[in-house]
Amino acid sequence: MPRNETLVNYFKTRRSVGMAFLSEPGPSASDVDEILTIGTRVPDHGKYAPWRLVLIEGHARVRAGEKLAEIARRNRPGIDEQSLEIERRQFLPAPLTIGVIFSPKPNAKAPELEQLLSAGSVCLSLCHAAFALGYAATWVSRWFSFDTAAQQMLGARGGERFVGFVHIGTPTATPEDRERPALADVVTRWQD
Ligand SMILES: Cc1cc2nc3c(=O)[nH]c(=O)nc-3n(C[C@H](O)[C@H](O)[C@H](O)COP(=O)(O)O)c2cc1C
């Protein structure tokens, strides 16, 4: 396979774009299909597909935010109105959010850790797919990835949990690069 300069440049410079800077237009229906197709083409030991995806788009973004605010109010009696408004806007302004659910298969020959890593790979692949189609994306978890009631409300079933929410839209800003670890700090060569 010849060196692909466009791809190399993308991987060397890619940066997530924060949710606040993702706007309309979002992906068309065919773009969404393509993003999902690319995003779910991930390493998956044993082909168990130990993940499911939930799309939050259109008016459902508002409803999901309202329900998150209700859960936040139950969790934190006395929560102030400004904090509730932040919860109501958890799926705004990005036109599309894809929730990635880790759905481990019991008695699979692939250890659960491998299945979890496959689900994480879906999150990053969805980001790459969004950028490849001309959009921008970010992968976040937020408190509701760790709250049982919120996870159920957003679509997780027994034994499942969210591993990420990938927000996708058209970027309204270009983030500055951030520092990356020096290779010397994170890479060693094994010697016996
Ligand atoms: C699993 C995971 C969960 C994350 N959750 C959050 C989050 O809840 N809130 C947040 O502000 N950033 C979160 N981040 C960080 C964002 O993805 C952040 O934009 C990212 O570190 C930017 O990296 P990049 O510039 O290499 O794309 C999370 C990152 C990962 C890998």
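Q: Does Lys-47 count as buried or exposed?
A: This is a predicted model, in which local features need pLDDT of at least 70 and side-chain atom pairs count only at pLDDT 80 or more, while totals for chains, interfaces and linings use all residues. Residues are numbered from 1 along each chain as its sequence is written, and side-chain values use heavy atoms, with hydrogens and water left out. Buried means under 20% relative accessible area, exposed over 50%, and partly exposed in between (1.4 Å probe, protein chains only). Lys-47 has 75% relative accessibility, so this residue counts as exposed.

Q: What is the phi of Lys-47?
A: Helices (H or I, at least four residues) and strands (E, at least two) are DSSP runs, numbered from the N terminus. Lys-47 sits in the loop between H2 and strand E2 (51-57). Lys-47 is not a glycine, yet its phi is positive, at about 55°.

Q: Which residue does a cis peptide bond join to Leu-92?
A: The bond has an omega of about 5°.

Q: How much of the accessible area of the ligand does the protein cover?
A: Trp-139 has a backbone N or O atom 2.6 Å from an oxygen atom of the ligand, and a polar side-chain atom of Arg-178 lies 3.2 Å from an oxygen atom of the ligand. Accessible areas come from the Shrake-Rupley method with a 1.4 Å probe; for residues, only the protein chains shown count as cover. Of the 640 Å² that the ligand has on its own, the protein covers 60%.

Q: How far is a backbone N or O atom of Arg-142 from an oxygen atom of the ligand?
A: Arg-142 lies in the loop between strand E4 (136-140) and helix H6 (148-154), and has a positive phi of about 65°. At a relative accessible area of 37%, Arg-142 is partly exposed. Its backbone N or O atom lies from the ligand oxygen at a distance of 2.8 Å.

Q: How many residues apart in sequence are the parts that the pair of Tyr-10 and Phe-131 ties together?
A: Rings of Phe, Tyr and Trp (its six-membered ring) pair if their centres lie within 6.5 Å; planes under 30 degrees apart count as stacked, over 60 as edge-to-face and the rest as tilted. The count by this rule is seven aromatic pairs. The pair of Tyr-10 and Phe-131 is tilted, with 6.1 Å centre to centre and 45° between the planes. Tyr-10 lies in helix H1 (residues 5-13) and Phe-131 in helix H5 (residues 112-132), so the distance in sequence is 121 residues.

Q: Which residue has a side chain joined to that of Thr-97 by a polar contact?
A: Thr-97 lies in strand E3 (residues 96-102) and is buried, with a relative accessible area of 0%. A polar contact is a pair of N or O atoms within 3.5 Å; within protein, one must be able to donate a hydrogen and the other to accept it, and residues adjacent in sequence count only if both atoms are side-chain atoms. At 2.8 Å, the partner of Thr-97 is His-167.
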